Amino acid sequence: MNNPQRRDAQLPYISDEEVMEEQRRTRAILQKLNTIDVSDSEGIAALVRELLQTREDPFINPPFYCDYGTHIKVGKHFFANYNCTFLDVAPITFGDNCLLGPNVSIYTAGHPVHPDSRRSRYEYGIAVTIGNDVWLGGSTVVCPGVTIGDGCVIGAGSVVTRDIPPYSIAAGNPCRVIRPITDEDRKYYFRDRVFDDEAWSAIQREE
């Protein structure tokens with residue numbers, strides 16, 4: 001197996017010339033995305049679709065950083081705010097309706113713990129999976145191999161090192177489940193503040 005094949009099989013691999021050649025395409029697109037006129041929403045959207053090679057209509061507020069782009073799979077209505085970084089050595093998969101705050105980092109890449117093994121130049125990528133209707137608060141870090149279930153909210157500044165079950169509010173370093181999300185939460189938009197009648201009627205019409 002060559003190193004791109006080893007990488008894609010989530011085996012230890014070395015970032016050789018073949019690997020770096022794949023990243024050059026990505027860096028060219030990122031250069032355009034991260035220097036475009038920020039008022040050019042249509043231009044940004046077109047570059048994001050080219051980067052991710054998707055037919056969906058994701059939107060990412062630049063600047064944005066990743067290794068490949070093609071290893072990032074997004075569902076419908078994906079939005080990432082400013083200055084997000086995805087180390088997509090292995091697949092990063094999002095469901096529908098995912099929202100990411102600014103400075104969110106998702107890492108599939110890693111290196112061996114022991115310095116002897118680390119000096120070998122071998123590294124690895126382990127996939128990250130994020131379900132439908134997930135909101136990652138600003139400056140969240142998601143580590144290799146993590147799965148975040150449908151409907152979760154991850155608090156700002158969290159470091160997610162382990163799987164988070166569906167419909168959970170979780171936060172902290174390391175990130176831990178604080179409580180489940182229930183139907184009772186539907187009427188609140190912030191802590192104990194309930195939706196006003198106009199907004200609540202609009203929400204109910206969309207169901």
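Biologist: Which strand does E5 pair with through three bridges, and how do the two run?
Modeller: In this predicted model, E5 is joined by three bridges to strand E8, residues 105–107, and the two run parallel.

Biologist: What is the bridge partner of Thr 85 in E8?
Modeller: Thr 85 has Ser 105 as its bridge partner there.

Biologist: And how is E2 joined to E5?
Modeller: Strand E2, residues 64–66, runs parallel to E5, with three bridges between them. Cys 66 has Phe 86 as its bridge partner in E5.

Biologist: Which residues of E5 are on the covered face?
Modeller: Cys 84 and Phe 86 are on the covered face, while Thr 85 and Leu 87 are on the uncovered one.

Biologist: Switching to Ile 148. Buried or exposed?
Modeller: Ile 148 has 1% relative accessibility, so it counts as buried. The cut-off for buried is under 20%. Ile 148 sits in strand E14, residues 147–148.

Biologist: What is Ile 148 in contact with, beyond its sequence neighbours?
Modeller: Leaving aside neighbours within four places in sequence, its contacts include Ile 130, Val 134, Leu 136, Val 142 and Ile 164.

Biologist: Now the largest pocket. How much space lies in it?
Modeller: About 1,200 Å³. It is lined by 32 residues, and the closest to its centre are Trp 135, Val 153, Ile 181, Asp 185 and Tyr 188.

Biologist: What classes make up the lining?
Modeller: The lining has 19 nonpolar, six polar and seven charged residues. Elements supplying at least two of the lining residues each include strand E18 (176–180) and helix H5 (197–206).

Definitions and conventions. Residues numbered from 1 in each chain as written. Predicted model: local features only at pLDDT ≥ 70, side-chain atom pairs only at ≥ 80, totals over all residues. Heavy atoms only, no water. Helix = DSSP H or I, 4+ residues; strand = E, 2+ residues; numbered from the N terminus. Buried < 20%, exposed > 50% of the residue type's maximum accessible area, 1.4 Å probe, protein only. Contact = heavy atoms within 4.5 Å. Pairing = 2+ DSSP bridges. 1 Å grid on protein atoms, 1.4 Å probe; cavity = no way out; pocket = protein on both sides within 12 Å on 5 of 7 lines; lining within 4 Å. Points joined across faces, edges and corners; volume = space filled by probe spheres on them. Nonpolar A, V, L, I, M, F, W, Y, C, P; charged D, E, K, R; others polar.
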